[in-house]
Amino acid sequence: MTDTAEAEYDESPVGQAMIVYLGPTAPHWDIRAVFGERELMDGFRDRVNARLLLLPPHDPQFRRNRERVNRDGERERIVVEWDLGYPEDEVVRA
């Protein structure tokens, strides 16, 4: 029982990924592992590529897939950072 309780509270990230928009010519995205176990980060990179491969940031489907990538990262305890090549407005939700 103690192991389960400790596992639930161990919320430290196991990896970090930087997702960079490369421009209008495909491939649009570069997914870089900042830190983390290689197999874990390679699997995450493959899933992110599957979601974003042909989507530039101005595509309406991009916003939905970006949220899915962020949720996947949270679920796997991977910190996800985005570099779209332009400043994004920070939206603070209460």
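Predicted model: local features only at pLDDT ≥ 70, side-chain atom pairs only at ≥ 80, totals over all residues.
Residues are numbered from 1 along each chain as its sequence is written, and side-chain values use heavy atoms, with hydrogens and water left out.

**Strand S1 and its partners**

- S1 and S3 (residues 78-83) pair in the parallel sense over six bridges; two strands pair if DSSP finds at least two bridges between them.
- Seven bridges join S1 to strand S2 (residues 29-36), and these two strands run antiparallel.
- Ile-19 has Ile-31 as its bridge partner in S2.
- Six of the seven residues of S1 (residues 15-21) are buried, so the strand is largely enclosed by the rest of the structure. Buried means under 20% relative accessible area, exposed over 50%, and partly exposed in between (1.4 Å probe, protein chains only).

**Helix H3**

- The buried residues of H3 (residues 60-76) include Phe-62, Val-69 and Gly-73.
- Seen down the axis of H3, its buried residues fall within an arc of 160°, so they line one face of the helix; the arc is that of the directions from the helix axis to the C-beta atoms.
- On the other side of H3, Pro-60, Arg-63, Glu-74 and Arg-75 are exposed.
- H3 is followed by Arg-77, whose phi is positive, near 60°.

How values were computed. Helix = DSSP H or I, 4+ residues; strand = E, 2+ residues; numbered from the N terminus. Expected span 1.5 Å × (residues − 1).
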